[in-house]
Amino acid sequence: QTAAVEIGDRLALSVYGKLGPGERGLALIFTGPSVSTNQIVSFDLGALDATVISGSSEWMMERLPGGFARCTVIFTAVTSGFVATQIRPTLNNSITYVGDGSSGNYIFGAMLSNRGPSSYIKTADVPGTRAADVIGPGAGLVYSSVPITEPLWAAGTTYAAKALVRDAANI
């Protein structure tokens, strides 16, 4: 799959995966003119870990119910143009593995998103898009009676991925 990009675009390729028979891994790959070095990350679905094989991509792996994990590679385009993405089976971090006819993994929900990872977009037959996920004042956040210890959210502040903040307008 290919996608047009602009210099500085922060792209996230993600897929939901579950270890299948034969304990094979999977690799998420960015290649193309907007990639200075191929960005290749091999995910071990059994150990819930990953290895950067090439490039300097960020990666994350989120454990989910039922033995699934969301595997994500994040890359910033170095030039305008396009990137190609691939999802490949691996054996001992080798992306040249082509399978043996009986082992593999279960995968679904592959997504390429601009501006970093987003929540799952369920589609059927055709690609889907929607407005960006938004958290902030007036966004209709879920409320709880649990005491809040997180800092107040402030416009213009950059927060680390998965940082916990609270919305002062909805306390």
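Of the 19 residues that make up the largest nonpolar core, Leu28, Phe30, Phe43, Cys71 and Val83 touch the most other members. A nonpolar core is here a set of buried Ala, Val, Leu, Ile, Met, Phe, Trp, Tyr and Cys residues joined through side-chain atoms within 4.5 Å. Buried stands for under 20% relative accessible area, exposed for over 50%, and partly exposed for values in between, with a 1.4 Å probe and protein chains only. Two or more residues of this core come from each of β2 (10-19), β3 (25-31), β4 and β7 (68-76). The most is given by β7, with four residues.

The model is predicted: local features need pLDDT of at least 70 and side-chain atom pairs count only at pLDDT 80 or more, whereas totals for chains, interfaces and linings use all residues. Residues are numbered from 1 along each chain as its sequence is written, and side-chain values use heavy atoms, with hydrogens and water left out.

The protein has zero helices and nine strands. Helices (H or I, at least four residues) and strands (E, at least two) are DSSP runs, numbered from the N terminus. Of the 171 residues, 30% count as buried. Among contacts between residues at least 6 apart in sequence, 62% join residues at least 24 apart, a contact being heavy atoms within 4.5 Å.

Leucine 28, one of the core residues named above, touches residues that include Leu13, Val15, Val41, Phe43, Cys71, Val73 and Ile87, with residues up to four places away in sequence not counted.

Strand β4 is mostly covered, as five of its six residues are buried. β4 pairs with β3 in the antiparallel sense over five bridges, where pairing requires that DSSP finds at least two bridges between two strands. In this region phenylalanine 30 stands opposite glutamine 39 of β4. Five bridges also join β4 to strand β5 (residues 49-54), and these two strands run antiparallel. Valine 41 has valine 52 in β5 as its bridge partner. The hairpin of β4 and β5 has four residues between the strands, and in this hairpin leucine 48 takes a positive phi near 55 degrees.

Aspartate 44 lies in β4, which spans residues 39-44. With a relative accessible area of 38%, aspartate 44 is partly exposed. Its side chain reaches the backbone nitrogen of glycine 46 at 2.9 Å. A polar contact is a pair of N or O atoms within 3.5 Å; within protein, one must be able to donate a hydrogen and the other to accept it, and residues adjacent in sequence count only if both atoms are side-chain atoms. Beyond four places in sequence, aspartate 44 touches Asp49 and Met61. The C-alpha atoms of aspartate 44 and glutamate 23 are separated by 8.5 Å, the two residues being 21 residues apart along the chain.

Threonine 90 belongs to strand β8 (residues 81-90) and counts as buried at 3% relative accessibility. A polar atom of the threonine 90 side chain lies 3.3 Å from the backbone nitrogen of leucine 26. Apart from neighbours within four places in sequence, the contacts of threonine 90 include Arg24, Gly25, Leu26, Ser42 and Tyr97.
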